[in-house]
Amino acid sequence: MLMAHPVILRGLVDRYHELLAQDSAQGSHETRRQLEDLTYTLCVSTGTRTADQALAAAEEQLTAALRETALSDAAPRGTALRETAVHDTAVRDGRQVGAQLAAS
């Protein structure tokens, strides 16, 4: 399953709560429509079917992303350098293969 980027997901959750508060205060047709649209987007983004499920899944994904960020920040610097070197090599090799394919 594709997963929304944590920044996008956080924005969706925050906007959902804003619209929910507006709907409680105003109850306008436009706010309800926006809330329905956002609920749909949250459900698609999290692979769920209801707003409650989507919010729970989003919080779980956001917590996991925070944990992953904390772990990568705590990793030894040499590890990050090795990962960067591996990535750079893969990109270079991918470009070489692409150039070879284009030339043939």
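**Salt bridges in the model**

By salt bridge I mean a side-chain nitrogen of Lys or Arg within 4 Å of a carboxyl oxygen of Asp or Glu. This is a predicted model, where local features need pLDDT of at least 70 and side-chain atom pairs count only at pLDDT 80 or more, while totals for chains, interfaces and linings use all residues. Residues are numbered from 1 along each chain as its sequence is written, and side-chain values use heavy atoms, leaving out hydrogens and water.

So why can these two meet? Asp37 and Arg33 sit 4 residues apart in helix α2, which puts about one helical turn between them. Helices here are DSSP runs (H or I, at least four residues; strands are E, at least two), numbered from the N terminus.

Arg33 also pairs with Glu30, with the closest N and O atoms 2.7 Å apart. Those two are 3 residues apart in helix α2, residues 29-46, again about one helical turn.

How accessible are they? Asp37 is partly exposed at 39% relative accessible area, Arg33 is partly exposed at 36%, and Glu30 is partly exposed at 39%. For the cut-offs, buried is under 20%, exposed is over 50%, and partly exposed is in between, with a 1.4 Å probe and protein chains only.

Over in helix α1, residues 6-25, Glu18 and Arg15 are 3 residues apart, and their side chains form a salt bridge at 3.2 Å, N to O.

Finally, Arg10, Asp14 and Glu59 are linked in a salt-bridge network. The whole structure has 6 salt bridges.
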